[in-house]
Amino acid sequence: KTSIKQIEITLNDIKGQIVYESENEVTVKVTGDAALLGLENGRSTDITGYQSIKTKSMHGKLIAYVREGKKDETFEIIITSPDVQPAVLHFNKGRLE
């Protein structure tokens, strides 16, 4: 059994507000028992390959699609962008820790 996680990524300022005008390039890496299927920013003119690990955000937002492995083990999603603190999401048996 495998499932797909839809991870909404937002770029926030130090007050926690979405930086709506942000079009930062965002990198998403997946380690462990999962795989990145694609990144979606909603921009119809973006020609970045869907399966690329990097793409620009649109209005400070981006969606990552991640397929869990069949072994139901741990995995991490690592999100980085210039001038933004990185985020690491830890999953264990499909649940965010």
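A residue counts as buried when its relative accessible area is under 20%. The model discussed here is predicted. Ser 81 has a relative accessible area of 10% and is therefore buried. Ser 81 belongs to strand E6, which covers residues 75-81. The side chain of Ser 81 makes a polar contact of 3.3 Å with the side chain of Asn 24. With residues up to four places away in sequence left out, Ser 81 touches Glu 25 and Val 26 as well as Asn 24.

The largest nonpolar core has 15 residues, and the members touching the most others are Ile 9, Val 28, Ala 64 and Ile 77.

Nonpolar side chains in soluble globular proteins tend to be buried together. Beyond its neighbours within four places in sequence, Ile 9 is in contact with Val 28, Gly 60, Lys 61, Leu 62, Ala 64 and Ile 79.

The structure holds one aromatic pair. Its rings, those of Phe 75 and Phe 91, have centres 4.7 Å apart and planes at 5°, so the pair is stacked. Because Phe 75 lies in strand E6 and Phe 91 in strand E7 (residues 84-92), the pair ties together parts that are 16 residues apart in sequence. Both Phe 75 and Phe 91 are buried.

Conventions. Residues are numbered from 1 along each chain as its sequence is written. This is a predicted model: local features need pLDDT of at least 70, side-chain atom pairs count only at pLDDT 80 or more; totals for chains, interfaces and linings use all residues. Side-chain values use heavy atoms; hydrogens and water are left out. Helices (H or I, at least four residues) and strands (E, at least two) are DSSP runs, numbered from the N terminus. Buried means under 20% relative accessible area, exposed over 50%, partly exposed in between (1.4 Å probe, protein chains only). A polar contact is a pair of N or O atoms within 3.5 Å; within protein, one must be able to donate a hydrogen and the other to accept it, and residues adjacent in sequence count only if both atoms are side-chain atoms. Contact means heavy atoms within 4.5 Å. A nonpolar core is a set of buried Ala, Val, Leu, Ile, Met, Phe, Trp, Tyr and Cys residues joined through side-chain atoms within 4.5 Å. Rings of Phe, Tyr and Trp (its six-membered ring) pair if their centres lie within 6.5 Å; planes under 30 degrees apart count as stacked, over 60 as edge-to-face and the rest as tilted.
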